[in-house]
Protein chains: 2
Amino acid sequence: MKHITVNDYQSRPVVVSHSTSVYDAICTMFLEDVGTLFVVDAQTTLVGVLSRKDLLRASLGKQTLETIPVSIIMTRMPNITVCKKEDLIIDVANKLIDKQIDGLPIVAEVDRGSGFEVVGRITKTNITALLVDLANDEII
Amino acid sequence: MKHITVNDYQSRPVVVSHSTSVYDAICTMFLEDVGTLFVVDAQTTLVGVLSRKDLLRASLGKQTLETIPVSIIMTRMPNITVCKKEDLIIDVANKLIDKQIDGLPIVAEVDRGSGFEVVGRITKTNITALLVDLANDEII
C-alpha cells in the first residue's frame with residue numbers, strides 16, 4: 001500500500017470563482033455532486049476551499065445566501081492544505097485525519113497568481129474506495 | 001483486514017428528536033462536530049438520518065430553517081442503510097461507496113418503535129483512520 005500515489009486514486013476538481021455567491025456555490029455542489037469546491041481567482045489559481053461544513057455555517061447566518069460572496073466564508077491561503085499528484089496516498093490519509101477535513105486539492109505549481117493551479121481532488125471517499133480495493137486483493 | 005469489525009472502528013452516535021427544527025439540527029451538528037445525525041422517535045428508536053447534504057439542501061429553500069422539523073427532510077425508514085457492531089468493516093466500506101453516503105448508524109434490535117436502537121456511528125473518517133493504522137502496521 002505504501003507506494004500508492006494520489007495520482008492512482010484522485011477525482012476531478014470542481015472550481016468556482018471567488019466572486020460566486022454562497023447560494024450559487026451550494027447549487028454547484030449539488031449539480032456536480034461533490035462535497036468540496038475549490039475557489040480560484042481571475043488567473044485561475046487556487047485562493048480558497050469550500051467544504052459542506054463552511055457552506056452550512058453560512059446558512060445559519062441572517063444574510064441572504066445570494067448576496068454573500070464565497071470569498072467571505074472560504075478557507076484561504078495560507079491555511080489550505082494541498083497535495084501533489086506524486087504524493088503518497090497514505091500521507092494524504094494522515095493529513096485528512098490530522099486536519100479533520102474531508103478533501104484536499106491536488107495542485108501543480110505555476111508562475112502566476114497564488115502559484116498553485118488545481119489539477120485534482122482527493123477525499124475520504126477515494127480513501128474508502130482504496131480500502132475496498134485492498135480488501136478485494138486488487139492491490140497488494 | 002478481513003476480520004476487523006465495526007466494533008473496532010466506531011464513533012459515538014449523536015441523535016436528535018424528530019420534532020427538532022432544521023436550524024437546531026445544524027447547530028447540533030456544529031456543537032457535536034459530526035457530519036451525520038440520527039433522528040429518533042419518542043421511544044428513542046431510529047426513524048431517520050440527516051447528512052450535511054440533507055441540511056444544506058434545506059437551506060436553499062425559501063422557508064426559515066427554524067420552522068421546518070427535521071422529519072420533513074430526513075432520509076427515513078426503509079431507505080436507511082444500517083449496520084451492526086459485529087459486521088465486517090469492509091462490508092460497511094462497500095456500502096458507503098455503493099450508496100454514496102458518508103456514514104451509517106450502528107443499530108441493535110429492540111422490541112419497540114422502529115425496532116432499531118442507535119448504538120454507534122461509522123463514517124468514511126473511521127475508514128480513513130483504519131487505512132492509516134494499516135499502513136503503520138498496527139494491524140495485519
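Between chain A and chain B, 6 salt bridges are counted. The structure is a predicted model. One of the salt bridges joins A:Arg52 to B:Asp102, with 3.6 Å between the closest N and O atoms.

On the side of chain A that touches chain B, the elements that give two or more residues are α1 (22-32), α2 (52-59), α4 (89-99) and α5 (124-135) of chain A. Of these, α5(A) gives the most, with 10 residues. Sorted by kind, the residues on this side of chain A are 20 nonpolar, 5 polar and 10 charged.

The extent of the interface can be described by residues and by area. In terms of residues, 35 of chain A are in contact with 35 of chain B. The size of an interface is often given as the accessible area lost when the parts come together. For chain A and chain B, the buried area is about 3400 Å², and carbon and sulfur atoms give 71% of this area. Three residues, A:Phe30, A:Leu56 and A:Leu131, supply 21% of the area that chain A buries against chain B, more than any other three residues.

Helix α5 of chain A also holds A:Asn126. The relative accessible area of A:Asn126 is 9%, and this residue is therefore classed as buried, the cut-off being under 20%. A polar atom of the A:Asn126 side chain lies 3.4 Å from the backbone oxygen of A:Tyr9. When neighbours within four places in sequence are left aside, the residues in contact with A:Asn126 are A:Tyr9, A:Gln10, A:Ser11 and A:Arg121.

In chain B, an open sheet of 4 strands is found, with the order β1-β2-β3-β4 and mixed pairing. Its edge strands are β1 (15-17) and β4 (75-76) of chain B, each of which pairs on one side only. The partner of β4(B) is strand β3 of chain B, residues 46-51, and these two strands pair in the antiparallel sense over 2 bridges. Within this part of the sheet, B:Val49 stands opposite B:Thr75, a residue of β4(B).

Note on methods
Residues are numbered from 1 along each chain as its sequence is written. Chains are lettered from A and ligands numbered from 1 in the order in which they are written. This is a predicted model: local features need pLDDT of at least 70, side-chain atom pairs count only at pLDDT 80 or more; totals for chains, interfaces and linings use all residues. Side-chain values use heavy atoms; hydrogens and water are left out. Contact means heavy atoms within 4.5 Å. Buried area is the accessible area (1.4 Å probe) that two parts lose on being put together, summed over both. A salt bridge is a side-chain nitrogen of Lys or Arg within 4 Å of a carboxyl oxygen of Asp or Glu. Ala, Val, Leu, Ile, Met, Phe, Trp, Tyr, Cys and Pro count as nonpolar, Asp, Glu, Lys and Arg as charged, and the others, Gly among them, as polar. Buried means under 20% relative accessible area, exposed over 50%, partly exposed in between (1.4 Å probe, protein chains only). A polar contact is a pair of N or O atoms within 3.5 Å; within protein, one must be able to donate a hydrogen and the other to accept it, and residues adjacent in sequence count only if both atoms are side-chain atoms. Two strands pair if DSSP finds at least two bridges between them.
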